[in-house]
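Colleague: I would like to learn how to read a structure such as this one, feature by feature. Could we begin with the words we will need?

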Amino acid sequence: MKRKCYLLLLSFLLLIQTAGCGFGQNSEKPVPEYVLTYAENQPENYPTTKGAYYFADLVRERTDGKIEIRIRANGVLGDEQDIVSQVRFGGIDFARVSLSSIDGIPRLNVLQLPYLYTGADHMWKVLDGDIGKGYMEDFIGSDIVPLSWYDAGARSFYTSHKPITCLEDMAGMRIRVQENQMMMRMVELLEATPVPMGYAEVYSAFEKGEIDGAENNWPSYESVNHYEVAKLYCVDEHTRVPELQIISQVTWDKLPEEYQQVIRDCAQESALYERKLWAEREEKSREKVIQNGTEVIELSLEEKMKFREAMAPLYEEYCADYLDVVQDIMNEGEEK
């Protein structure tokens, strides 16, 4: 009896092992030829991060698992300037970064100018057209290969007591800005006083009366609760700076042309996906703050043009050699 039990048990174990081996062979994932790293400094639920995951999934699917892209979000690989440096020598393969983090290409300053666009449609018309293609070509020789434009929304002013309804309302206001020379100069030309300070200090500065206003996009204004201490949001959309999805030239040169094309195609698709997510996130943030008492002030196009006209000295200071490009961009906004 014991011998029969033993034989039955042995047969059962052999059956499981055989079945297991068969299952493993059928479900075995392809071994990737390339395992690449993608740096993202935003949290997991942010539109740009979701766009990165979407991009990685598309690439894996269309290369039959031969390229695996691992997303490292939450800034674990450093700040954006460090990331760009690592991308240049191949220490990081992919990243999504702000234009302000990329040096060595002076013409990029144009795309960061305040009051450059009449709205989102104008910006995408420029970036998706010949002007945008020209900017992509500017990266040749920079150790960076640009893949696609990502949306980062528009930044506007918000204040605690006095609403901004026209250019004259800016006079004398103390406005928190990033520690950025162009942004500080913009506020000065609007006859206000720039107050550079860290992002984390803004809420407290409003409470203490150290600033009258600040500026940011809808998701940022909502996510850090600035709407609790500054309930007057003026939609002037002074800056609308796109961001870039990039790959290291070192990594790019290692890839077969077939995979390079797949990556370009997937990057473009992920960009459209990210733009959609950004628009949805903006709308949710806007609805939330309005429900919590924020007053939205919409400026007319004519009033926005007054803000733009005040920027003439700044355009000369930062983009004197590229005023023809500035004019071409503005012309795109005027064409029907």
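Modeller: Buried means under 20% relative accessible area, exposed means over 50%, and partly exposed lies in between, with a 1.4 Å probe and protein chains only. Helices (H or I, at least four residues) and strands (E, at least two) are DSSP runs, numbered from the N terminus. This is a predicted model, in which local features need pLDDT of at least 70 and side-chain atom pairs count only at pLDDT 80 or more, while totals for chains, interfaces and linings use all residues. Residues are numbered from 1 along each chain as its sequence is written, and side-chain values use heavy atoms, with hydrogens and water left out.

Colleague: Which residues of β5 point one way, and which the other way?

Modeller: In a regular strand the side chains alternate between the two faces of the sheet. Here Arg155, Phe157 and Thr159 point one way from β5, whereas Ser156 and Tyr158 point the other way, and all are buried. Because 5 of the 5 residues of strand β5 (residues 155–159) are buried, the strand is largely enclosed by the rest of the structure.

Colleague: Which residue in β9 is the bridge partner of tyrosine 158?

Modeller: Two strands pair if DSSP finds at least two bridges between them. β5 pairs with strand β9 (residues 232–239) in the antiparallel sense over 4 bridges, and there the partner of tyrosine 158 is tyrosine 233. β5 also runs antiparallel to strand β8 (residues 213–216), joined to it by 4 bridges, and in β8 the bridge partner of tyrosine 158 is alanine 214.

Colleague: Which residues of helix α6 are buried, and what covers them?

Modeller: An α-helix has 3.6 residues a turn, so residues three or four places apart point the same way. In α6 (residues 181–189), the buried residues are Met182, Met183, Met184, Met186, Val187 and Leu189. Their cover, judged by contact (heavy atoms within 4.5 Å), includes β5, β6 (174–177), β7 (193–196), β8, β9 and α12 (312–319).

Colleague: What is the phi of glutamate 191?

Modeller: Most residues other than glycine have a negative phi, and most peptide bonds are trans. Glutamate 191, however, has a positive phi near 70°, and its place is in the loop between α6 and β7. Glutamate 191 counts as exposed because its relative accessibility is 57%. Tyrosine 115 also has a positive phi, of about 55°, although it is not a glycine, but tyrosine 115 counts as buried because its relative accessibility is 4%.

Colleague: How many residues line the largest pocket, and which lie nearest its centre?

Modeller: Rolling a probe the size of a water molecule over the atoms shows where empty space is left. On a 1 Å grid over the protein atoms alone, with a 1.4 Å probe, a pocket is an open set of points with protein on both sides within 12 Å along at least five of seven lines, and lining residues have an atom within 4 Å of a point. The largest pocket is lined by 46 residues, of which Ser98, Ser100, Arg155, Gln178 and Glu243 lie nearest its centre. Among the elements that each supply at least two residues of this lining are α6 and α10 (257–291).
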